[in-house]
Amino acid sequence: MVANDHVDFDAAEGEVHALLGENGAGKTTLSKMLTGLYRPDEGEIVLFGRTVEFSSPRDALDAGIAMVHQHFKLVSPFTVAENVVLGDQRDVGRSFLLRQRAIESRVEELSRRYGLAVDPRARIWQLSVGEQQRVEILKALYQDARILILDEPTAVLTPQEAEALFETIRAMAADGRTVIFISHKLHEVKAVADRVTVLRRGKSVATVPAADATPRSLAALMVGRELETGRRSTERGPTGEAVLELDGVWADGDRGVAAVKDVSLTIRGGEIVGVAGVAGNGQRELAETIVGMRPVTRGAVQVCGRRLSGGDPREAISAGVAYVPEDRLGTGVAPGLSIASNIVLKAYRRSPVSSGPMLRFGRIRDLARGVIDRYDVRTSGPNVPAWQLSGGNLQKVVLAREFSGDPAVLVAASPTRGLDVAGIETVHSYLRDAASTGVGVLLISEDLDEILAIADRVAVMYEGTVVGERDAGTATVEELGLMMAGAGSED
Amino acid sequence: MRIERRLRQPWWLTVVVPVVSIAVAFVLSGFVLFLTGHPPLKSFHRILDAAFIANGALSETVIAATPLAFTGLAAAVAFRMNLFNIGGEGQLYAGAITGAAIGLLMAGSPSPLVFAGMIAAGAAGGALLAAIPALLRAFFSTNEIITSLMLNYVVALVLEYLIFDSHSYLRDTSGFEASVFPQGKTLPDEATWSSWTIHGLVLPLGFLLAIAVATLVWVLYTRTRFGFEVQVIGDSARAGRYAGMRTRRKILAVMCLSGAIAGLGGASQMGDFRHQLDPQGLRQANYGYTGIVVAALARYNPFAVVLVALLLGGLTNAGFTLQGADFPAGLVGVMQGLILFCALGGELFVRYRVRFAW
Amino acid sequence: MNNSLVVVVLASGVLYGTPLLYAALGEVLAERSGVLNLGVEGMMLMGAVMGFWTVERVDGPTPLVLAASIGVAALVGAVMAAIHAFLVITLRANQIVSGLALTIFAGAAGLSSYLGNDLNLAGKPAKHQFQEIFPASWQDLPVIGPIVFGQSLLVYASWVCVVLVALYLTRTRLGLNLRAVGESPAAADAMGVNVSRYRYAHTLVGGAFAGVGGAAFSLSITPQWVDGLTQGAGWIAIALVIFAFWRPTLCLIGAYFFGAFTALPFALQGHGVTLAPELFQTLPYVATILALVLVSSRAARLRFGAPAALGLPYVREER
């Protein structure tokens, strides 16, 4: 598949250059070529006037290009200092023996200079996501990277933390470094970049000075047509009985400490409730607790008035909870199994699909063909393994399966992550359809715009608790952003 | 060189690749023979003759293949769910111990009853042993590779203790020979499993049992809800849990099934072939470990396991038959190893497309 | 005093523990890079047979011949490990299966026995062997005499190796990169560490250590060549690595612990206490299982557990 098709762009020393494009436009592939992870099939990369060819990340690092990946590349049992010095071949990193002290003091100095507060002796797994990102930036600075690529860096930050990151970016640019800032968020690009290159379907469509661009003009370039922005149409169906009630729910995270703390929330049939928050504030754990993949340590989860004992996905499924997990490939589907198998992933226990202990393959095939037709899944057949599907088609399979169980509640965790605009619209329309048929939808997303676009109510999570609820029709981004940073309170 | 995952695996690859792998392995073995001054073609001819062609050779090969079929099936059953039970070795010993004990205890009962008792006891012995790593894995997420491996040694030592260093029920303590050279009690005639002869080919009960187990496993894994769950959990344990599957129970069930099949192999050793507990013989045979490679060669397909067991069993049998001054000792292991290496390498061509960019 | 039970057991624990120690150190290096090699037994047997062959065929002063034989044993071990490395690193084969295949290929009734018989090595006493290097008067010192001074050069060399491997892992840049490769190959790769190269190098060095461990049998413990003379020491070495939480210094303690357990029942018999040696020898294995269960919690596993990428092939391009 061609993810990048003749991309042209240039960036100058000391410039903050944004690569803007919707998901799937080829931003990440482009940056992986710049850092030597993939090799371009055609064309060339010219660096400081010289044509370069990278066959490995080492070459790119030597040439002065460093990248902060969307999924951090950190070694979690190592300390910050150890991560920073990893792979380094210059300066204190070149000596055969590790000079722990020297490295630590160097890291401390850099973090002071660029306002990246982090303890060099701390181990990665003890750090928050925001701190881990700082470590990634420190790594690049330590390598003395001339060109720094940041891939969607604000996805894991509060608006306020993002602002601090922009400060760091400006400081780096002032030092003469080039910063390539990859994003699909228009206002961020506008706020931090000097120039913007817009990518669409793997091609660069334009490079414009940020000062001259408006969010509207950028959006038009990005999508190729005028984009309707705005809120969910205010017409709401009548909301029904409470289908999901959380009453003082607590649950532990992976490290054994409480990640969900005293959360109370009610969702009625027919409404979409958004849960906003910066990644890592307990949203994932909350979703997993509701669907039974994580035990409830205190409090109660009730579905349609029936109290769940918790920690048992099968119980939640039979109570009418459907779940679109954040981790599509791996949790939402078994990637190596066929589409057909994944469509009956939950229904295989019930009577039309199996009789007694035996499976009925004819029924499974028919069901799969039906789903592929009805949901327009682009594939060559029901026996194709799930990993071969594109993100959007995969999500269709997951949604189709979850709706087929006649749920009362649908928990959707970041259901549009990584999808292109068409895919996002499909998912949104399915969620709205679900709500209009009386399903209570809990939408967890780090994208405030998404929540404001389709939710009726917004609950904001910070450090495991719901710090406030607002009506989506009247809430402002600034207000919610403050709440996401923990500044908000009930009132 | 670039390696890409195949979007589609042509069916013929799964046939051609193993055949080519075995051919390459023979060529490499020929090299080893040639370099050490043995005539390759003559040696191969003798091996094939001793393994499959000579009078009675095939019957001997079936005997050598039977335990490998059991341990191979045991490994296949567990590996399919990404449960790496490498305790087939110990589970086979455990089945041999319990099978022999029941065979001795039931002396005097009608043969069919004794057979049934030994089969049940062998399966139970293997399953019980496998339950230990299964429980540890299910409740403490302890790595089953290591625990099952450790238990192989524990059971091997227990087996030696029972025969060499104690006055256990299983040890033969009567007679002069037994006092000089410790050995297990010989099972009574009722506990000697039946066999059937077709055109001179002797088919022991154990081998038929292995084929029956292979069929059952195939049905279980491809046609039932249980098998579906195993497939899902094997592919992604999180997806299994997400779908409401009882993953812990499945770990226990699959490990115990795997252990039970290996245990059957042990019972079959007692009932079909050895008729007394023989710690040295069982340990030297390495049935459990070889079974894992049998399963891998067969790509965890139960019927292919039986076929591969016959192939490797044939080589083992030839090795025994030809043991002597003029036949290179260890050649059988070398050939088995090379076949495995080639098959493992060949697997790459089944799963991936290899492109050479010049 | 030097005939007391404790001293005898400890001294023979050191003797029997030494091949385990070499093999375990090698396996630590391989596993720290993320490569599980279950072929240790096969590599040890190859080291044993080829080390012995060198001693038989090479003429010269004893120290030179022994040095050469250790070199050959290490080389042969590395060559065997190279097969495994190629299969699992380049061809991405299942590490468990490949390691077992290596043991079948090289082990007893495999290549080692083929070569041993073909080179006509069976049943001959070694022409040269490793002997105690300190004068008899030192060896007669109370307690430390037999334990510390009553050993061969192989033992002292193994102590040096433990220190070197431990320092390498914790104090050097290469060691840091190695640990990163075993914990998070993707992170190491992004920082320009060549994952394949590190895995190859340490799997091969691991094989070399196992080869030396095998030679310790044929040139010091037995000292002669018989088919399958390591009697499962390679498997014990694998257990030992886990028992030692992948740490070289704990390997030293563990190796002598395992070695002492082999020796203790026989020593007890000498003191008139009969104890079933087999049941006694199960204790190290049971202890390994218990140790594993104890560190099963997630927090403990981060500190003491296996390298996170152990057993997993690393593929950069897979999306």
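I take helices and strands as DSSP runs, numbered from the N terminus. I count two residues as in contact if their C-beta atoms, placed from the backbone, lie within 7 Å. I also keep in mind that this is a predicted model.

**Entry 1: the sheet in chain A**

I started with helix H16 (residues 477-484) of chain A. It lies across S11, strand S19 (457-462) and S20 of chain A. Its direction is at about 30° to S19(A).

Next I looked up the sheet itself. I found 6 strands forming an open sheet in chain A, in the order S14-S17-S18-S11-S19-S20. The pairing is mixed. Which strands sit at the edges? They are strand S14 (321-324) and strand S20 (465-471) of chain A, and each pairs on one side only. On average, neighbouring strands of this sheet are turned by 20° against each other, direction ignored.

I then picked out one pair of strands. Strand S17 (residues 409-413) and strand S18 (residues 440-444) of chain A run parallel, joined by 5 bridges. I noted one pairing: Val411(A) has Leu442(A) in S18(A) as its bridge partner.

A further helix went into my notes here. Helix H14 (residues 421-436) of chain A lies across strand S11 (272-276), S17 and S18 of chain A. Its angle to S18(A) is about 150°.

**Entry 2: Arg268(A)**

I looked up Arg268(A) and found it in strand S10 (residues 258-268) of chain A.

Arg268(A) and Val243(A) are 25 residues apart in sequence, yet 5.2 Å apart in space, C-alpha to C-alpha.

**Entry 3: two helix pairs in chain B**

I sorted the contact residues of H4(B) with H6(B) into 8 nonpolar, 2 polar and 1 charged.

H8(B) brings Ala210(B), Ile211(B), Ala214(B), Val217(B) and Trp218(B) to the contact. H14(B) brings Pro302(B), Phe303(B), Val305(B) and Val306(B). I sorted these residues into 9 nonpolar, no polar and no charged.

**Entry 4: where chain C touches its partners**

I turned to chain C and chain B. Their contact takes 39 residues from chain C and 42 residues from chain B. Which helix gives the largest share of the chain C side? It is H14(C), with 11 residues. By class, this side of chain C has 24 nonpolar, 11 polar and 4 charged residues.

Last, I looked up chain C and chain A. Here 20 residues of chain C are in contact with 23 residues of chain A. Helix H9 (173-183), helix H10 (185-190) and helix H15 (298-304) of chain C each supply at least two residues of this side. The side of chain C that touches chain A divides into 10 nonpolar, 4 polar and 6 charged residues.

Note on methods:
Residues are numbered from 1 along each chain as its sequence is written. Chains are lettered from A and ligands numbered from 1 in the order in which they are written. This is a predicted model: local features need pLDDT of at least 70, side-chain atom pairs count only at pLDDT 80 or more; totals for chains, interfaces and linings use all residues. Ala, Val, Leu, Ile, Met, Phe, Trp, Tyr, Cys and Pro count as nonpolar, Asp, Glu, Lys and Arg as charged, and the others, Gly among them, as polar. Two strands pair if DSSP finds at least two bridges between them. Helices (H or I, at least four residues) and strands (E, at least two) are DSSP runs, numbered from the N terminus. Axes are lines fitted to C-alpha atoms, for helices over the stretch in contact, and angles run from 0 to 180 degrees between N-to-C directions.
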